[in-house]
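Please look at the sequence and the 3D structure shown here, and keep both in view while reading.

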Amino acid sequence: GKTAFWRPDEGTTYSVRIVNTPDGDPFKESWFHYEIGKNSFLCPKKNHGKDCAVCNFAGKLFKENTEQSNAMAKKFLPRQRFFSPVVVRGEEKEGVKVWGYGKNAYQDLINLVLNPDYGDITDPEGGTDLTILSTKAPGQSFPTTKITPARKTSKLCQGSSEDCKELLDSVPDFDTLHERKTSAEVSAILDEYLASDAS
């Protein structure tokens with residue numbers, strides 16, 4: 001089916017509305033391991049308090065405390081990522097999507113939420129749309145996201161109350177967005193990666 005995730009194309013300006021979640025927290029934090037194995041995966045330790053072979057391996061490298069081991073260890077550390085449910089303006093029929101972003105964009109959003117001039121930016125009746133522009137300068141590893149709040153509040157949807165309810169009901173279940181691997185599965189991924197790296 002259609003993907004639950006949305007990512008802004010670089011250089012394209014979008015207007016989005018963050019939608020609240022059933023638990024009242026539209027800013028979800030997750031930690032991932034990247035560049036190890038074929039795909040990124042959730043860190044069992046940082047997310048769920050379980051044993052993580054990748055984190056353990058990073059710890060061993062740091063204990064060696066050489067310039068090379070410390071540099072290598074950083075590759076194995078989990079990285080923080082944030083996710084919010086959003087409605088992309090002009091694509092309302094697609095339903096609520098999940099936007100993933102980094103800590104700088106997260107801080108900008110939190111500053112906006114804490115600003116009394118804006119109030120509840122997720123309010124379906126009087127919230128605030130956000131203009132999103134993602135750009136990456138030459139030599140930059142990751143794109144920079146510029147977030148600009150609209151000057152006026154607006155309704156989440158202009159259709160019937162039934163249409164609005166259907167839209168709000170389409171908020172994805174964040175507990176099932178990412179596959180949760182067991183400690184044993186993560187250990188196997190690390191073993192396979194180290195074996196291929198050695199060869």
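Cys164 counts as buried, at 18% relative accessibility, where buried means under 20% relative accessible area, exposed over 50% and partly exposed in between, with a 1.4 Å probe and protein chains only. This is a predicted model, in which local features need pLDDT of at least 70 and side-chain atom pairs count only at pLDDT 80 or more, while totals for chains, interfaces and linings use all residues. Residues are numbered from 1 along each chain as its sequence is written, and side-chain values use heavy atoms, with hydrogens and water left out.

A disulfide is a covalent bond between the sulfur atoms of two cysteines, and the structure holds 1 disulfide.

Cys43 is buried, with a relative accessible area of 0%. Cys55 is likewise in no disulfide, with the sulfur of Cys43 as its nearest cysteine sulfur, and Cys55 counts as buried at 14% relative accessibility.

The next feature is a pair of helices, named by DSSP runs (H or I, at least four residues, for helices; E, at least two, for strands) that are numbered from the N terminus. Helix α2, residues 53-64, packs against helix α3, residues 67-76, at an angle of about 165°, with their axes 8 Å apart; the axes are lines fitted to C-alpha atoms over the stretch in contact, and angles run from 0 to 180 degrees between N-to-C directions. That angle makes α2 roughly antiparallel to α3, because angles over 145 degrees count as roughly antiparallel, under 35 as roughly parallel, 65 to 115 as roughly perpendicular and the rest as oblique. On the side of α2, the contact (heavy atoms within 4.5 Å) is made by Val54, Phe57, Ala58, Leu61, Phe62 and Glu64, and on the side of α3 by Ser69, Asn70, Met72, Ala73, Lys74 and Phe76.

Finally, Arg7 has its place in the loop between β1 (5-6) and β2 (13-18), and at 70% relative accessibility Arg7 counts as exposed. The C-alpha atoms of Arg7 and Trp99 are separated by 6.1 Å, although these residues are 92 residues apart along the chain.

Notes. Disulfide = S-S within 2.5 Å.
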